[in-house]
Amino acid sequence: MKKQHSTMIANPFDLLTEEIVFAILDRINDDALTKKSFSRVCKAFYTIESRHRRTLRALRSDLILRALKRYRSISHLDLSLCPRVDDATLTQVAFATAGRLRSIDLSRSRVFTHLGLASLVGTCAGLVEIDLSNRTELGDSAVKAIAEAKNLERLWLARCKMVTDMGIGCVAVGCRKLRLVCLKWCLRVSDLGVGLIAMKCKEIRSLDLSYLPITEKCLSPIMQLEHLEDLVLEGCPGMDDDGLATLKHSCKSLKSLNMSNCPNVSHVGLSSLTNGADGLQQLILTYGPAVTNDLAQCMHSISGLQSIKLDGCSVTTSAIKGIGNWLASLKELSLSKCSGVTDECLSFLLQTHKELRKLDITCCRKITYASIDSITNSCTSLTSLRMESCSLVSKDAFKLIGQRCRLLEELDVTDNDIDNEGLKSISRCSKLLTLKLAICLNLTDDGLTHVANGCSMLKELDLYRSSGITDAGIAAIAHGCPALEMINIAYNDKITDNSLTSLSTCLMLKALEIRGCPSVSSMGLSAIAMGCRQLMVLDIKKCVNINDNGMIPLAQFSQNLKQINLSYCAITDAGLLALASTNRLQNMTILHLAGLTPNGLAAALLSCQGLTKVKLHKSFKPLLHQSIFEFMEARGCIFHWRDKAFRVEIDPKGWELHNGRSPEAP
């Protein structure tokens, strides 16, 4: 009897060609975790994924060379998360990527000098982009080394405060192909250096001169740049009307102009600067002089203008009406914190600019129901509406938003009088991605249930101090919004572990803020750690029932955690040491941990190899050996010392300004 041999395929994935696998990888190119899982399917995928990757963002400097040995096709290298990159490392990077490297980001890296840059530029002749921002100690010798990059097109030198006109002159002579130059906060660069860049680098499209000690003298060659599209002159006090009036040339190619924080430039100077700029599309005048009808009139004939930002300016009624008479049809209008905005002038303006996509009326405290009626009636194509702290807007006005603006993707109604009925109407906006409901005291779980049923695409939800919310509302959100990436439920005392258990099903969750929720414990945090493997930012400040038992699952499952605030928790040396094993942790805030000792803190700090910033109470400073600080700082870690006294509660009523808060705030 003959044996029958069946043909068996050891690995069916081997049948896929490299072209097919490349096509699959192209589809998941923005998802690092998915690509990592993909590469682990089989050896073939592991090899092909390494050949496909073109961009690499290193988390630790000691792993850079190992990563480059695997990924041999890298053309863009991001080292911004590696604070310690020395000359030897740059030299090795140069030889490992020679002929392929086109872009490198060193914006937060330190230690290297002009020697490392010279080696990099000399070996990687194809470099077109270098970011050296925040290197405050780099001087002209480093910039002179960069000048040898003959093919360079984009250069960032923001906050390189030691660079002078001499260094910029070298760049101007050597890098004639530059298209983008950022010199923001380069305080030693004057009209001479800027003028040299403008005269020598004729291909420039984007030029950022924010906060430079420059005057109108450098503007003449800038205005003659034939391809200039984006000009930023923010915070340049040397610019004034008299100087700008002397300009003899106009920049016809200009599309975006930023004159924010220029107190000495009125409509007179602005008119001189924009004269002939018929292609201007965006104008940013935030926190400048009063906006008057004269300013509105000087922009009247620019028919292509699509965006204007006047945040923080005093705006007259006649100016708003003047904007309403423009020939242009605005797509974006920002009037945040503008005093003088009323129902009458806003309604008049919106009769003309019905094609608005983005509108910001944050802290316009004089507007009422009438303005919301005009906005929603005229601008039905809005995708973004920001109206935080519009305290005179009544509850009924919010119903109009959902009835008429169904295309909204972003809505901020922080600190407003919205109730459940308003939220029920807003839930009709099925494309909503970001919803901010902080300090909305009339909302309950019923309102959140409406959002959960109607806004399944929601990615960001802010419920800071919305005290009517309980576990039931959070459960509804977790069930109805599976794509949720960020949620803030801080200072809601009705939130318990049940909310965290519900949120643990949101697999895409990346940022969670639960500070000041006293009923949350380690049990709920453990559920988050096990369910939300992509978690990157966590704030558990004042969660007094979270202890070491919550840190162990975080260390085990939250391998993407980058930022955490542990202040006022019941965590001891053991918990902090367990957390220190998290490979990607970069930023920690540790204030008032009663169970923490100097020895435990020292051990944890030394174990966290990727730390770049630590906030500690000042009382620990004399208790830790100086060698620990020297070792950590040599690795690139910066210490911030706080001297805050222990407080049981902060801002109990929630009336302090909410705008500008961040998960890393102490």
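Tyr 211 is partly exposed, with a relative accessible area of 23%, and Trp 185 likewise counts as partly exposed at 29%, where buried means under 20% relative accessible area, exposed over 50% and partly exposed in between (1.4 Å probe, protein chains only). This is a predicted model, in which local features need pLDDT of at least 70 and side-chain atom pairs count only at pLDDT 80 or more, whereas totals for chains, interfaces and linings use all residues. Residues are numbered from 1 along each chain as its sequence is written, and side-chain values use heavy atoms, with hydrogens and water left out.

Rings of Phe, Tyr and Trp (its six-membered ring) pair if their centres lie within 6.5 Å, and planes under 30 degrees apart count as stacked, over 60 as edge-to-face and the rest as tilted. The count by this rule is five aromatic pairs, including the two tabulated here.

| Pair | Centre to centre | Angle between planes | Class |
|---|---|---|---|
| Trp 185 and Tyr 211 | 4.4 Å | 5° | stacked |
| Tyr 464 and Tyr 491 | 6.0 Å | 90° | edge-to-face |

Trp 185 and Tyr 211 lie 26 residues apart, while Tyr 464 and Tyr 491 are separated by 27 residues. Tyr 464 is buried at 4% relative accessibility, and Tyr 491 is buried at 10%. Phe 629, Phe 639 and Trp 641 form one aromatic cluster.

Key
Helix = DSSP H or I, 4+ residues; strand = E, 2+ residues; numbered from the N terminus.
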